[in-house]
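Hi,

Here is the structure I promised to pass on. Have a look first, and my notes follow below.

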Amino acid sequence: MNKNKSRKVFGWVLLLITLGFFCLQMGSLFVQARYDASYVDDRLFYILNMVIVICLMLSIWLLLKPTKKITISFTIIFGLFVIANGILLVNRMEDTKNILSVSPDWQHVLSIKQDGQTKEAVYYRSYYGILARPKEQLPYAINDEYEVKWLAKDVAAFTYKATDESIQQFIATYGDRGSGTSYYYIGGQTHGVWQAKDTKVINNQEGISITHNGETEVFEWEHIEQFGTLAIVLKKDHEAAWTIALKENFEVHADASKKTVGNIVLYKASLEKSEPILLEYQGEYE
C-alpha cells in the first residue's frame with residue numbers, strides 16, 4: 001500500500017513539474033513575441049522540451065500503469081521527440097554561441113550571444129529572471145577567444161580577442177554606488193592616489209597613470225571609456241589595457257570635499273589568467 005501511494009505521489013509531482021515547465025515555455029514564447037525577450041541561453045528552450053517529455057513519460061508510467069505494448073509505443077514516440085530536440089539543440093549551438101556567466105552571489109547573469117557566421121555578438125540584459133532582452137551590440141566581432149571575470153558582485157569584465165586580433169573589453173554592470181537616480185563619472189569619484197603592494201594608480205586632471213611591476217603606463221581621458229556607473233576601460237592603441245571598477249564598499253559623494261571611502265579594483269585586459277588587484281585610497285595627488 002505504501003509503495004503504491006509513494007508511486008502515485010511521485011507521479012503527480014512529475015506531472016506538476018511537466019505542467020510547470022510547459023507553462024514556462026509558453027510564457028517565454030509570449031514574452032519573446034511581445035517584448036523581444038528570450039532565454040539568457042537559447043539552449044534552455046530545447047533542454048526544457050526534453051525535460052518536459054521525460055517527466056511526462058515517467059508520470060504516465062507511474063500514474064496509469066500502461067500495458068507493455070503502450071509503454072513501448074510511448075517510449076518510442078517520446079524518444080524520437082527527445083532526439084529531434086537534441087538535433088535542434090546542436091544546430092542552434094552552431095548558429096549561435098551562447099556565453100553565460102553567473103555572478104558570485106547568483107543575482108546577475110552575463111549573457112552574450114554570438115552569431116556563428118559573422119562572429120558579431122550582442123549583450124543581453126536579464127530583466128525577467130532567466131529571460132533577457134538584447135541591450136547592445138559589442139563594437140568588435142569575437143574571434144572565439146574570451147575570458148570572463150567578475151570584479152564585483154555586480155561588475156563582469158568580458159575580455160575577448162576581436163577578429164582583427166586586437167584585445168578588447170566589454171564591462172557588464174548591474175548596480176550603482178550612489179543613490180541610483182543620477183549619473184556620475186568614475187574618473188571624478190576616484191581622483192587621487194591608489195595603491196596595492198606593487199601597483200600604484202594616479203588619477204589626476206591629465207588622465208590616469210598605472211605603475212605595475214615597475215612599469216608605468218599613462219592614459220589620457222579621451223582614451224578612457226566608462227561602462228554604466230561602475231567601471232571604466234583604459235585603452236592604448238585602440239586596444240583595451242586595464243579596467244578599473246568600484247568595489248561594493250565604494251561610496252559615491254556628490255560633494256567632492258567628502259572623504260573617499262571604499263576600494264577600487266584594477267584588472268588587466270588579458271586572455272591569460274589574471275587576478276583583479278584590490279587598491280586602497282592613499283590621498284590626493286600632489
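Contact here means heavy atoms within 4.5 Å, and helices (H or I, at least four residues) and strands (E, at least two) are DSSP runs, numbered from the N terminus. Bear in mind that this is a predicted model: local features need pLDDT of at least 70, side-chain atom pairs count only at pLDDT 80 or more, and totals for chains, interfaces and linings use all residues. Residues are numbered from 1 along each chain as its sequence is written, and side-chain values use heavy atoms, with hydrogens and water left out.

Gly-11, Leu-14, Thr-18, Gln-25, Ser-28 and Val-31 of α1 are buried (under 20% relative accessible area, 1.4 Å probe, protein chains only). Those buried residues pack against β1 (38-39), α2, β4 (121-128) and β5 (131-137). Just after α1, Asp-36 has a positive phi of about 55 degrees.

On to the helix pair. α2 (residues 43-64) and α3 (residues 68-95) pack at about 170 degrees with axes 9 Å apart (lines fitted to C-alpha atoms over the stretch in contact, angles running from 0 to 180 degrees between N-to-C directions). That makes α2 and α3 roughly antiparallel (over 145 degrees).

One more from α2: Leu-44 lies in that helix and, at 25% relative accessibility, counts as partly exposed (between 20% and 50%). Its C-alpha atom is 9.7 Å from that of Gln-25, 19 residues away along the chain.

Cheers

Notes
Parallel < 35°, antiparallel > 145°, perpendicular 65-115°, else oblique.
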